[in-house]
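Colleague: I am new to reading models of this kind, and I would like to go through one with you slowly. Could you show it to me before I ask anything?

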Amino acid sequence: MSKHRVIPGFGLSLGFTVTYLSLIILIPLAALFVKAGGLGPAEWWRILSAPRVLAAAKLTFGASAAAAMVSVVVGLLVTWVLVRYRFPGRRLLDAMVDLPFALPTAVAGITLTSIYAPNGWIGQYLAGWGIQGAYSPFGVFIALTFIGFPFVVRTVQPVLEDLGTELEEAAATLGAGRLTVFCRVILPALLPALITGFTLAFARAIGEYGSVIFISGNLPMKTEILPLLIVAQLEQYKYRDAAVIAAGMLIVSFALLFLINLLQRQLNWHKR
Amino acid sequence: MSISIQSIHKTFGTYTALDDISLEVPDGSLTALLGPSGSGKTTLLRIVAGLEMADPGSGRILFHGNDVSEVTAGKRGVGFVFQHYALFPHMTIAQNIAFGLDVMPRDRRLNRAEIRERVGELLRLVRLEGLDKRRPNELSGGQRQRVALARALAIRPKVLLLDEPFGALDAQVRKELRRWLRQFHDEINLTTLFVTHDQEEALELADQVVVMRNARIEQTGTPQDIYDEPRTSFVYEFLGEVNKLPDGRYIRPHEIELRFAAEEGVDVTGRVSHLFVAGPFARVSVSPEHGRRGELEVWASRDQVEEMALANGDVIGLHFPSVKKPG
């Protein structure tokens, strides 16, 4: 590097980065693909197209996407309240947002299950309307919403704080109504952060295991998620099947996250 | 359209931002709200715009005789320009300028072609033709401020309100834009109220200057009145350079006459501590003798300084012809 920088050490820091990423991420993932790669395409297809795998994949990706979308809406609302208003207990509320990060997911799962079970505090009322809380795809969705929304709050919060109120005031003096100000000024400004929040919540939900296994009931074809299916294969010593499902899941996740990132770049182009 | 501000109060919790403010802004005038930070000038501007509401029951804002105190910002028909431009970053320049036209109720909204035409007119008016497809972050500060002005003017506002419009610009651009705004105002003759903390800007630009301090108006008048006849010591010190005499009286540097120490009518003698000649003018700093503290600034003509053959260290006499004591 010919250019002088205040803080030197490009070679050292890049070397460390590459080594670290290799040890922690690349090598384990490579090992996974080596294991799965031992099988031919026909075997891959046979494992991945099994009805039980497809059902689990549909539930995992579907519930994760739905939960991430709800997290975006709820997260935006919570962020708005935390940033725009000053009220007693605001800091406490702000700290509470991080609890789903800290709580062991199993604890969250058990607690949510007991509350949303047909005889639980909330579950009994849901049952009255014919909705089954725990032990259903809806239960999976509830657990994923719980763990996902802090990601949205924490990514949108700094952006909303920076945004200030001047843009809204400018729009208001130009005659824009409240809904117009929100849709045409605030939302576009927050959209990149909202998408980042969605991506994080979505990615986290796809990999979530601990909280879901308690609330879902784990019925094959009905409420079984992919991570659980992988564990189930392992318990039957079907290591290659487990590796193939995991690898397939990883490829789909990576493709989805990559697409979202592309969309993000498209939206952010005016900042480049 | 004239603006009439009648006994407005504004408090934020226990802090008084505006204390019984009344002010008339004549139709077509360019009025400056001048004061140090915290004097309440921006709060007053925001109340006129409807972005802030005065304390309940405190007073009224009239536009051309109509009470607009309860009218929301969007319905007041004001053009507001923010210090930091507040352009919409995700829109092009043309979209920014057209925003106020796009969001009009459907029955009053212009069609697309008319909007495009109006945007083109405004771009010409602020001399930014050809930049319509750019984004705000591709423009310089001065250009952005002119876009903000064009956007405010697009809705054909009844009054134009500018909050420290040149505050974020560097000195050179600020001077140019200031001159441009003066010409621009003379062309369109829109009642304009602007906030500034720069006395030079207020004196050079405005028809009427309102000096504010600590939530109150200190003095209102033409720039000439305010400069020549300051009513309070604050106004004296805030506007232009001034010498404060030990007895509390004030005198401007150009009002002091230089004489030889032995001449008649000498009020104070002193030693020249610094002499700087710039074109036809000379700035002379004089340290008074007899233990008086503080230097006196004197602006004299170059001719006089050369005639008297003044040099650093000379002892000279000063005459104060018209010393005022503000009320």
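The questions and answers below go through the two chains part by part.

Modeller: Please keep in mind that this is a predicted model, in which local features need pLDDT of at least 70, side-chain atom pairs count only at pLDDT 80 or more, and totals for chains, interfaces and linings use all residues. Residues are numbered from 1 along each chain as its sequence is written, while chains are lettered from A and ligands numbered from 1 in the order in which they are written.

Colleague: How many helices and how many strands are there in chain A?

Modeller: Helices (H or I, at least four residues) and strands (E, at least two) are DSSP runs, numbered from the N terminus. The C-alpha atoms of chain A fill a box of roughly 70 × 65 × 30 Å along the principal axes, and 33% of its 272 residues count as buried. Counted by that definition, chain A has 13 helices and 0 strands.

Colleague: Is A:L174 buried or exposed?

Modeller: A residue is buried if 20 or more other C-beta atoms lie within 10 Å of its own, exposed if 12 or fewer, and partly exposed in between, with C-beta atoms placed from the backbone. A:L174 sits in the loop between α9 (166-173) and α10 (178-207) of chain A. Because 26 other C-beta atoms lie within 10 Å, A:L174 is buried.

Colleague: Which residues does A:L174 touch?

Modeller: Two residues are in contact if their C-beta atoms, placed from the backbone, lie within 7 Å. Leaving out residues up to four places away in sequence, A:L174 touches B:F99, B:G100, B:V103 and B:I155.

Colleague: Why do the buried residues of α6(B) line one face of the helix?

Modeller: Helix α6 (residues 171-188) of chain B has 18 residues and reaches 26 Å from its first C-alpha to its last, close to the 26 Å expected at 1.5 Å a residue, where the expected span is 1.5 Å times one less than the number of residues. B:R174, B:L177, B:L181 and B:H185 are buried in α6(B), whereas B:Q172, B:R179, B:Q183, B:D186 and B:E187 are exposed on the other side. An α-helix has 3.6 residues a turn, so residues three or four places apart point the same way. Seen down the axis of α6(B), with the arc taken from the directions from the helix axis to the C-beta atoms, the buried residues line one face because they fall within an arc of 75 degrees.

Colleague: Against which elements do the buried residues of α6(B) pack?

Modeller: The elements concerned belong to chain B. The buried residues of α6(B) pack against β3 (30-34), α5 (141-153), β8 (191-196) and α7 (199-205).

Colleague: Which are the edge strands of the open sheet of 5 strands in chain B?

Modeller: Two strands pair if DSSP finds at least two bridges between them. The 5 strands follow the order β13-β17-β14-β15-β16, with antiparallel pairing, and β13(B) and β17 (residues 315-319) pair over 4 bridges. Each edge strand pairs on one side only, and these strands are β13 (257-260) and β16 (296-301) of chain B.

Colleague: Which residues touch the most other members of the largest nonpolar core?

Modeller: A nonpolar core is a set of buried Ala, Val, Leu, Ile, Met, Phe, Trp, Tyr and Cys residues joined through C-beta atoms within 7 Å. The largest has 77 residues, and a second, separate core of 51 residues includes A:L76, A:Y135, A:F151 and A:I206. In the largest core, the residues that touch the most other members are B:V48 and B:L161.
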